[in-house]
Each structure stands twice: as C-alpha cells, then as structure tokens.
Amino acid sequence: MQITISSGKTLDGSGEENLLRTLKKGGIYLASSCGGKGTCGKCRLKIVEGRYRTAPSGKLSSKDTASGIVLACQTFPESDIVLDIPKESHIVVGDVLEMSRVSDLLASFRSSGGSLSPLVEWVRLRMDPPTIDDNISDLERLRKNLDAVGCENMRFPHGVIASLADSLREASWHIQLGYTEGPEAVMVKPVSRCGKAGLAIDIGTTTIVLYLVNLDDGSLVDACSTYNSQIRIGDDVITRIVYATESGGVAELQEIVVNDLNTLLLSLAEKHGVRLDEIESAVVAGNTTMTHLFWGLPPGYIREEPYTPTVNFFPLWPAKTVGLKIADLAPIYTMPCVASYVGGDIVAGVLASGMHRRSGISLFMDIGTNGEIVVGNREWLVTAACSAGPCFEGSGIRHGMRATEGAIEAVAIDHSTLAPAVRVIGNGPPIGICGSGMIDAVTELFLAGALDRKGNFIIERAPGRIREGDEGLEFVIGSNGGRDIVLTEVDIENILRAKAALFAGVSLLLKKVGLALDSIERVYIAGGFGNYLNVEKAIVMGMLPDLPRDKFRFLGNTAIAGAYLCLLSAEKRAEAEEIARKMTNVELSVSKRFMDEYLSALFLPHTDTSLFPSVENLLEKI
Ligand code: FES
C-alpha cells in the first residue's frame with residue numbers, strides 16, 4: 001500500500017503497521033510524546049483520500065473526525081492513502097536555537113584558551129609502495145613508517161587490518177591514520193580526503209538531540225532532535241527499567257534508541273554530504289538509565305536499594321558495539337555518571353556551566369524530565385534528583401511542545417480583560433506552548449486573579465475567556481487557523497506538580513548541606529526552554545527561589561553543550577571525570593521531609609509565603 005504525503009513524498013505502508021511508524025521509518029517525525037499509546041493526542045494528521053481503520057479517541061473532537069483528522073498511532077491503512085500533516089504535528093528538525101547557542105559556546109571555549117583535542121588524533125604518512133625487493137607485509141610497512149615519526153607501539157584491531165590492504169593502495173600509500181588512546185588505530189584514509197566530523201549526543205528520557213560537528217575547527221555543522229522512541233514503552237525511566245528487567249527488554253530498548261540516532265544521523269549526513277564511515281568519534285550524555293540502555297547494560301539494580309549502577313565511568317567503546325552507523329571503530333566517549341539518578345547529563349551540565357571552577361557557591365538546576373539539582377563550588381559538589389516529570393518538555397500538557405519553531409515561548413495577559421499577548425518562536429503562527437510559555441501563562445493568570453493559589457480557575461473572573469473544554473475548564477492562549485491553543489486545569493495541575501518537586505528538591509538539598517538561600521551566588525538554569533525563561537515569573541510561580549534576579553543565568557540544554565565540549569577537548573573530558581568523582585549524591589526520594597516540602601510547594605507560590613518576600617510584596621500591590 002502506498003502512503004502519499006500531499007507535499008509529495010510516497011512511502012510503503014502496510015495494514016499491520018500504524019501510520020506513525022510508517023512515517024517514522026520514512027524519516028518523517030510526528031510529535032508523539034506518549035510514544036504511540038494514543039493518549040497524548042499529538043500525532044494528528046488528516047486523511048485526504050483512501051480507506052483506513054482507526055480507534056476512536058477522546059483526544060479528537062467530532063469536528064476533527066468529520067474532517068478526516070486521525071491519530072497516526074491509532075490508524076492503519078486499508079488502501080493507498082493520501083494524507084496531510086498539519087504543522088503542529090511535525091517535529092522541527094534542525095533547530096535554529098541550538099545553532100546560535102553553540103556558536104556562543106565555541107566562542108567562550110576558544111576565549112578561555114581551549115584548544116581542539118578530539119578523541120581521535122591523526123598522523124600523516126607518505127609511504128614507499130612495496131617492490132619485489134621490498135615486499136614486507138602491509139602492516140609491517142605501516143609500523144615502520146609510524147616508528148619513523150615517533151608513533152610507536154600502535155595497536156591494530158582486526159577491523160583496521162581487514163581493510164588495510166585496500167586502504168593503502170586506494171590512497172596510493174599517502175595516508176592519514178586516525179588513532180585513539182592506547183594508542184590504537186581507528187581508521188586509515190587517503191590524505192586527499194579531508195574533513196573530520198564527530199557527533200555530540202544527548203539521550204534524554206523524552207528527547208534525543210544530536211550535533212554533527214566539524215572537528216577541524218570545532219564548529220557545529222547542524223543539529224537535529226526527535227522524541228526518544230523508548231517512550232512507547234513508558235514515559236519515565238522506572239517503567240523502562242521494569243520493562244528491561246522483567247520483560248527481558250534491554251536489547252529492544254537499546255535497539256530503539258540506536259535506531260532513533262541512526263535515523264537522525266542518516267538525514268544529517270545526507271543533507272551535508274558527510275560520509276558516515278568517516279565520522280570518527282562521538283560523545284554521549286544521558287542520565288544513568290539512558291546511558292545503561294544505550295550500551296545494552298541491564299539497568300535493574302539502578303532502582304533497587306541500595307541503587308547501584310553497573311558502571312559510572314565507561315571505557316571508550318567502538319561504535320560497532322551498539323550499531324551506531326559511523327566508522328565501526330570510532331571511539332564513543334560516555335559522560336561519566338554519579339549515581340543511579342544523577343547521570344552524565346548532569347555532569348555535562350555542571351561542566352558547561354563552569355560552576356565547578358568558581359569559588360562562590362552556585363546552584364545548578366536542570367529542568368528536564370526528572371529535575372536534578374547541584375549545589376557547590378570548586379571544592380565540593382552535592383546533587384539530588386527530584387522527579388519533576390516531563391511537562392516542561394511538552395509531555396502531559398494538552399498543547400505542550402518543545403521549544404522549537406511555532407511554540408508560544410512568552411505570554412502576557414492583560415490584567416483587566418484577560419486578553420493574552422504571545423510571542424512565538426520563529427514569529428509564525430502558534431502551534432503549541434513550550435515550558436517557558438507555560439510558566440508565563442500560569443503566573444500571568446495567577447497575577448490577573450484568574451487562578452487561585454491551588455491552580456484552579458476562577459471562572460467568575462472572566463467567564464468569556466475561561467471556558468468548559470473536553471477536559472474541564474481551559475483558557476485559550478492563542479489560535480491558529482481556527483485551532484485554539486489552550487491551557488487546561490489538568491495542565492496547570494501538572495505544571496504545579498513539576499514546579500513543586502523542583503522547589504522542594506532545592507529547599508531540602510540546601511537544608512541537608514546547612515546552607516541558607518542567600519549563600520548562593522549564582523543560579524544556573526538548564527533545560528528545554530529554548531532561548532528564554534522569564535526568571536521573574538518562575539519565581540512568582542514558586543519554581544525558582546526568591547533571590548536577586550541578577551544571580552540567575554539561563555543556559556538551555558547543557559547536556560548536549562557538555563557533550564559537545566568533551567567532543568572537542570581532552571581537557572574538558574578530564575574535567576568531566578573530576579566533576580563526577582567529586583559529586584556527592586543525596587537520595588531525596590526516600591526522605592519523608594521531601595514529601596512534606598513538596599506538598600507545601602504545590603501552592604502558588606508556596607504555602608509559606610515568607611519564603612517569597614518579593615512575591616508577597618507584588619501581590620500586596622496588586
Ligand atoms: S496519541 Fe499518537 S503518539 Fe500520542
């Protein structure tokens with residue numbers, strides 16, 4: 001059966017495979033934050049022609065159904081199909097925000113005196129070809145030439161030797177040999193083939209981000225991202241650990257994430273004319289569970305007391321170990337982990353923030369799927385994870401999305417009329433709302449008197465703007481071609497839960513190390529907020545501590561930033577290892593005090609308003 005997308009592309013479909021999977025196989029990614037369970041309602045598409053069977057869904061209105069809108073994950077073709085993909089269902093690949101942030105990162109890396117020292121070093125050799133009088137083996141000839149330039153005791157794995165004869169002759173004996181620590185040969189190629197490329201990879205529980213990097217000058221060639229397809233097994237790490245452990249799903253989960261990476265990789269390499277077999281190295285950052293699953297290691301003991309990962313410091317393993325489609329022997333460096341729930345993504349984040357080099361005390365908050373916090377300075381670092389949930393990445397929020405083009409990233413609400421004004425990433429029509437937009441919207445609704453302190457709508461405040469929707473009361477933030485983008489009361493409940501977990505984590509961690517809030521000199525915020533987070537509003541909501549606003553620094557996705565730095569520099573890799581060794585993990589999940597703190601933080605901004613003096617003042621004025 002043929003599946004034709006009205007923009008022109010045609011794919012092979014089958015009655016046994018839902019349209020979400022068929023499109024994904026064809027490199028077309030739809031928003032699918034529930035992983036294809038039919039519960040998020042984000043994988044909408046319109047069937048223009050053809051027969052199909054689909055499961056009824058509460059996520060679609062009768063108007064949607066009448067106009068041929070279906071959920072791709074619940075729809076199977078029964079004939080050739082022609083379909084339309086609405087803009088809001090597309091995942092934006094090639095993120096403009098990422099590109100601009102990375103150029104800043106590279107500039108600061110260079111200005112701090114950083115020099116390029118990737119995982120693979122290269123040596124160039126002009127060798128004499130064999131003759132009848134000089135017919136030693138190719139390997140011996142290569143060794144002799146390496147010895148002559150001081151590159152001794154090189155180890156040659158079978159993969160390099162197996163292709164050596166052809167490689168040397170194709171290069172007319174004028175070669176460059178890439179090698180990694182050991183030293184161990186990685187690949188041999190002609191000197192004429194220039195251009196070195198590597199990958200920085202962030203494997204998040206919800207999303208995967210991949211950078212293709214030019215290792216000649218350290219610049220970013222392109223960036224792309226997708227949802228982590230493991231979501232179809234479960235939204236959170238615990239469900240995936242259970243699946244891996246009880247259903248023997250380690251290999252399956254590994255294959256899923258590697259497939260996601262390979263699909264992203266193929267499209268990037270094709271777009272930029274990069275040969276996959278010449279991508280020489282990669283750095284992977286992920287939380288401890290994601291890292292274990294990427295390497296096919298059983299994660300079972302991560303969730304069992306006393307919470308032990310199999311590995312925190314990973315050896316350099318070659319790409320072929322996991323089936324990543326780059327050079328077979330390309331070394332993959334894994335960002336070191338700290339504990340079961342504090343992984344390489346946080347080590348990468350601390351590295352990118354630079355807090356480990358400062359004498360003053362900093363607070364680092366990574367607001368992703370889990371919500372991790374780190375406090376410390378160049379002498380010491382303590383960390384904790386606080387189970388905030390993935391709502392700021394768009395999961396579990398009716399029109400939630402990641403901070404990419406089309407996302408409402410800022411919201412202001414007129415306090416008398418409740419009319420919203422929004423700013424959209426890319427300045428086009430809005431297609432959803434991202435984390436920073438959610439924080440703005442909740443805070444503005446609260447300050448405008450349309451939400452009570454528990455996050456319930458006060459309908460009398462604006463009966464026209466707050467309306468009864470499919471999932472209870474909702475507020476229309478924007479609209480696009482007749483489609484309203486709303487924030488529901490259920491969304492607000494999820495947002496308040498996430499912010500309460502974060503604030504409770506910060507509060508309890510500081511108490512554990514005996515520090516008062518005002519001892520913090522800087523607060524670094526990381527997470528999927530795109531380029532913008534209104535700190536003022538995040539404080540009013542009670543997510544961030546009430547500290548002077550100039551202490552806050554917003555850093556974006558620091559997991560990929562740290563991975564990128566480690567791809568470029570041996571010095572950064574050594575720093576990352578030092579950070580991981582130095583960091584002490586505090587288990588909050590087993591603490592009864594954490595639950596008390598969490599319950600107190602579920603209000604706007606908090607049950608104890610004395611913790612938020614500036615918000616108290618503001619509310620008094622209003
Ligand atoms: S409803 Fe289809 S992916 Fe969530």
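# A tour of helices and loops

Select helix H4, residues 138–148: its buried residues are Arg141, Leu142 and Leu146. A residue is called buried if 20 or more other C-beta atoms lie within 10 Å of its own, exposed if 12 or fewer, and partly exposed in between, with C-beta atoms placed from the backbone. Helices (H or I, at least four residues) and strands (E, at least two) are DSSP runs numbered from the N terminus. Seen down the axis of H4, the buried residues fall within an arc of 135°, so they line one face of the helix. That arc is taken over the directions from the helix axis to the C-beta atoms. An α-helix has 3.6 residues a turn, so residues three or four places apart point the same way. Turn to the other side of H4 and Glu140, Lys144, Asp147 and Ala148 are exposed. Just after H4, select Gly150, which takes a positive phi of about 80°.

Before going on, a note on the model. This is a predicted model, in which local features need pLDDT of at least 70, side-chain atom pairs count only at pLDDT 80 or more, and totals for chains, interfaces and linings use all residues. Residues are numbered from 1 along each chain as its sequence is written.

**Loops with backbone exceptions**

Most residues other than glycine have a negative phi, and most peptide bonds are trans.

Select Ser172, in the loop between helix H6 (164–170) and strand E9. Is Ser172 buried or partly exposed? It is partly exposed, with 13 other C-beta atoms within 10 Å.

Move to Pro183, in the loop between strand E9 (174–180) and strand E10 (184–190).

Next comes Pro306, in the loop between helix H9 (288–294) and strand E15 (317–318).

Then select Asn427, in the loop between strand E21 (420–424) and strand E22 (432–433). With 8 C-beta neighbours inside 10 Å, Asn427 counts as exposed.

Go back to Lys320, which lies in the loop between E15 and strand E16 (331–334). Lys320 has 15 C-beta neighbours inside 10 Å and counts as partly exposed. Which residues does Lys320 touch, not counting those up to four places away in sequence? They are Asp328 and Leu329; a contact requires C-beta atoms, placed from the backbone, within 7 Å of each other. Draw a distance from the C-alpha of Lys320 to that of Pro331: the two residues are eleven apart along the chain, and the atoms are separated by 9.3 Å.

**Helix pairs**

Show helix H10 (residues 344–353) with helix H14 (residues 558–568): their axes come within 7 Å and cross at roughly 75°. Axes are lines fitted to C-alpha atoms, for helices over the stretch in contact, and angles run from 0 to 180 degrees between N-to-C directions. H10 is therefore roughly perpendicular to H14. Angles under 35 degrees count as roughly parallel, over 145 as roughly antiparallel, 65 to 115 as roughly perpendicular and the rest as oblique. On H10 the contact residues include Asp345, Val347 and Leu351, and on H14 they include Thr558, Ala561 and Leu565. The residues of this contact divide into eight nonpolar, four polar and one charged. Ala, Val, Leu, Ile, Met, Phe, Trp, Tyr, Cys and Pro count as nonpolar, Asp, Glu, Lys and Arg as charged, and the others, Gly among them, as polar.

Gly562, Leu565, Cys566 and Leu568 of H14 meet Lys572, Arg573 and Ala576 of H15. Four of the contact residues are nonpolar, one is polar and two are charged.

Finish with helix H12 (residues 489–512) and helix H16 (residues 592–600), which pack at an angle of about 130° with their axes 8 Å apart. H12 and H16 are therefore oblique to each other. The contact consists of Ala500, Ala501, Ala504, Ser507 and Leu508 from H12 and Arg593, Phe594, Glu597 and Tyr598 from H16.

Conventions:
Two residues are in contact if their C-beta atoms, placed from the backbone, lie within 7 Å.
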